[in-house]
2 protein chains.
Amino acid sequence: MKTAFAQRRRALQRLLAAERVGSLVVTQPANWYYLTGFTGEAGALVVSRRGVALITDGRFVAQARTETSGVRIVQQTGSLAASVGQFLKSAGGGKVGFDASQITVGQFRVLRKTAGGRARWIAAAGYVERLRRRKEAQEIAQMRKAAILAGQVLEDALKMLKPGVRELEIAAEIEYQMRMRGASGPAFETIVAFGERSAYPHARATAKRLRKNELVVLDLGAILAHYCSDITRTVVVGRAPARIRRWHRAVQEAQSAAIDTVHVGVPCGEVDAAARRVLAGYRLDRYFVHSTGHGLGLEVHEDPRVAKAQKQTLEPGNVITIEPGVYVPDVGGIRIEDDVAVHAERTEVLTRVPRDLIEI
Amino acid sequence: MKTAFAQRRRALQRLLAAERVGSLVVTQPANWYYLTGFTGEAGALVVSRRGVALITDGRFVAQARTETSGVRIVQQTGSLAASVGQFLKSAGGGKVGFDASQITVGQFRVLRKTAGGRARWIAAAGYVERLRRRKEAQEIAQMRKAAILAGQVLEDALKMLKPGVRELEIAAEIEYQMRMRGASGPAFETIVAFGERSAYPHARATAKRLRKNELVVLDLGAILAHYCSDITRTVVVGRAPARIRRWHRAVQEAQSAAIDTVHVGVPCGEVDAAARRVLAGYRLDRYFVHSTGHGLGLEVHEDPRVAKAQKQTLEPGNVITIEPGVYVPDVGGIRIEDDVAVHAERTEVLTRVPRDLIEI
């Protein structure tokens with residue numbers, strides 16, 4: 001792995017040289033990990049042609065020394081922004097790239113002041129994200145494992161669904177099972193929504209108890225060796241009424257249409273449109289209140305976005321979710337979500353759980 | 001509770017009027033919850049003399065309508081920043097406060113552009129945080145429950161510590177038990193560190209197995225009805241060597257000295273200094289690489305900070321952690337942490353677990 005980190009740093013340095021950026025301030029934890037293997041919670045990485053320095057506070061210095069190789073570790077004095085600014089000043093200034101979507105207005109003020117007048121600041125987001133978007137074979141192999149793990153946990157959780165059980169208990173069991181299977185934890189707060197609460201796309205698990213014939217949405221993901229998975233299934237504990245069956249069929253068809261649209265070179269907006277078109281055919285498109293999917297990797301939401309009018313085209317190595325849904329206020333919601341890897345010649349669905357409506 | 005939310009909004013509106021801020025853009029999820037009860041994951045609140053509006057995307061609109069009362073819900077079109085900007089423009093501009101430690105450089109550009117020239121922007125952080133710092137009696141009652149719950153889970157986890165067990169298993173069990181006792185989840189990633197790994201103050205649980213006579217640091221917190229707890233204990237599974245006993249005694253004395261310093265009117269820096277002084281007496285102060293504590297509430301890190309030279313004085317209703325530690329690279333670390341509520345006439349330790357070195 002140490003070689004992979006060094007290779008990624010070199011790829012970034014080439015990108016910076018091509019764009020004539022002298023130094024890049026990397027402030028996003030997933031980006032540090034991707035470039036160095038550092039798993040600490042606070043710090044900033046400064047990547048320049050001359051080398052790579054990690055500035056972090058006392059809590060993480062020993063850890064940074066153990067986890068990284070070929071990276072200079074600098075212990076922060078005062079605020080992080082001031083330490084990064086001072087480091088840049090001592091490095092001689094020049095054109096400094098920063099991520100305007102990560103650095104706050106307050107941090108930027110301190111950075112500019114401490115780095116001094118010789119630094120020229122340019123908003124330069126997305127360099128590391130651009131590299132991260134195209135997963136290496138070893139990354140996809142890891143994501144496949146994370147996706148299979150999430151599917152197994154989901155199938156186990158379905159067996160616990162019985163009238164009387166609480167949303168919170170199911171969520172607790174799901175996250176416990178993930179960890180017992182080797183995950184470092186959930187990729188996001190596990191969603192368990194019963195009955196009307198399934199109409200909230202991002203419902204938090206509550207003390208609500210399951211009643212017979214209610215809808216159940218389970219949306220969960222595991223982090224396995226740093227990589228995320230994300231899967232959703234909707235089931236009925238009892239008998240599904242006709243309209244629920246129809247909604248489920250619509251969402252399932254929308255998801256299939258979107259997955260079938262996934263190919264190298266296709267704009268992400270077309271994948272989104274494919275799902276929306278099917279739901280429009282069922283006159284359910286106005287109940288589909290979010291986008292069709294998102295990139296997945298070290299973060300649970302990353303590039304590319306699979307949303308309306310997104311022009312970004314799919315590339316080999318992209319991993320995205322496909323997760324259309326319909327949400328009818330005061331009645332309930334249905335969502336089906338899988339993780340999909342884009343290869344040069346084929347599309348691979350990483351999550352392996354049947355999609356048909358399950359009545360338990 | 002709806003009354004409490006409305007009262008807090010009125011208190012904020014009075015504060016804004018006193019400071020002549022026309023509108024405040026509130027971008028921090030814990031702040032939205034504090035003011036409205038909204039638990040969605042994305043959005044922004046605009047508080048002005050005329051009223052309070054919550055701008056959020058399609059995923060959270062139905063949820064916002066159910067969870068809040070007396071708040072106008074506005075569905076976002078386009079990016080959040082653009083929607084907030086347009087809302088402010090239609091509201092007529094004026095002096096607009098924003099939190100420079102929350103809003104990114106990129107968001108601020110869009111906000112300024114869409115809100116138009118009639119808005120005058122001022123960095124105005126901390127209004128809501130200032131209210132949140134002084135917990136109401138009902139908030140402290142809730143935090144007491146969260147602290148007791150965390151202590152119970154910790155004591156249960158100690159019973160699982162046997163040679164051969166893995167860090168990840170203990171972390172999984174801890175988070176499972178929290179939820180089964182009613183917590184909505186952990187307040188942060190549970191820290192379970194065995195042996196040399198205890199020398200990392202923020203170690204993530206790994207697959208490492210416990211060996212006899214190793215140190216174990218457990219640092220965990222639960223979120224119960226939105227409020228956080230945070231507790232740490234260090235134990236030895238087997239017999240502790242003399243130097244470990246000495247380090248533990250030093251940390252325990254440092255913690256007691258810091259807790260004894262907690263009184264209304266005392267600057268937070270003095271509480272930190274009390275812990276450091278004890279460790280210096282043991283010549284261990286250079287191994288104490290972080291600050292003595294932090295405020296606790298809806299967030300696991302909030303005001304006030306209990307760190308070197310902090311001039312902020314303690315007020316009735318503050319809840320803080322007191323958590324000195326020593327971390328000796330390649331050997332191990334010791335930390336003891338409790339949650340403390342500051343009352344007008346007394347100090348209340350909310351966490352209720354013995355602090356003496358436990359040998360299991």
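Reply: For the angle quoted below, axes are lines fitted to C-alpha atoms, for helices over the stretch in contact, and angles run from 0 to 180 degrees between N-to-C directions. The model is predicted. In chain A, helix α8, which spans residues 167-180, lies across strands β8 and β9, and its direction makes an angle of about 155° with that of β8(A).

Strands β8 and β9 of chain A belong to an open sheet of four strands, ordered β8-β9-β12-β20, in which the pairing is mixed. Its edges are taken by β8 (191-194) and β20 (358-359) of chain A; each has a single partner strand, so one side of each lacks a neighbour in the sheet. Within the sheet, β9 (residues 214-220) and β12 (residues 231-237) of chain A are joined by seven bridges and pair in the antiparallel sense. One point of reference in this pairing is L218(A), whose bridge partner in β12(A) is R233(A).

In the contact between the chains, 36 residues of chain B meet 36 residues of chain A. Three helices of chain B, namely α3 (61-67), α5 (105-115) and α8 (167-180), each contribute at least two residues to the side that touches chain A. Of that side, α8(B) provides the largest share, eight residues. By residue class, the side of chain B that touches chain A comprises 17 nonpolar, twelve polar and seven charged residues.

The symmetry of the pair bears on this contact. Chain B is superposed on chain A by a rotation of 180° with 0.0 Å of shift along the axis, at an RMSD of 0.0 Å. The two copies are therefore related as by a two-fold rotation axis. In chain B, the C-alpha of T104(B) is the one nearest that axis, at 1.9 Å. Both copies use the same surface, since 100% of the contact residues of chain B recur in chain A.

Chain A is divided into domain 1 (2-132) and domain 2 (134-359). The centres of these two domains of chain A, taken over C-alpha atoms, are separated by 34 Å. Their contact draws six residues from domain 1 of chain A and seven residues from domain 2 of chain A. On the domain 1 side, helices α2 (29-36) and α6 (127-133) of chain A are the elements that give two or more residues. That side of domain 1 of chain A contains four nonpolar residues, no polar residues and two charged residues.

Chain A also contains an open sheet of six strands with mixed pairing, in the order β4-β3-β2-β1-β5-β6. Strands β4 (72-75) and β6 (119-123) of chain A stand at its edges with a single partner strand each, so one side of each is without a neighbour in the sheet. From one strand to the next, the twist averages 25°. Strand β5 (residues 94-98) of chain A runs parallel to β6(A), with five bridges between them, and F98(A) has A123(A) as its bridge partner in β6(A).

As to confidence, chain A has a mean pLDDT of 95, and 99% of its residues reach 70 or more. For the complex, the predictor gives an ipTM of 0.79 and a pTM of 0.84.

How values were computed:
Residues are numbered from 1 along each chain as its sequence is written. Chains are lettered from A and ligands numbered from 1 in the order in which they are written. This is a predicted model: local features need pLDDT of at least 70, side-chain atom pairs count only at pLDDT 80 or more; totals for chains, interfaces and linings use all residues. Copies are superposed by least squares on the C-alpha atoms of residues with pLDDT of at least 70 in both. Two residues are in contact if their C-beta atoms, placed from the backbone, lie within 7 Å. Ala, Val, Leu, Ile, Met, Phe, Trp, Tyr, Cys and Pro count as nonpolar, Asp, Glu, Lys and Arg as charged, and the others, Gly among them, as polar. Domain bounds come from an automatic or database domain assignment. Two strands pair if DSSP finds at least two bridges between them. pLDDT is the predictor's confidence in each residue, from 0 to 100.
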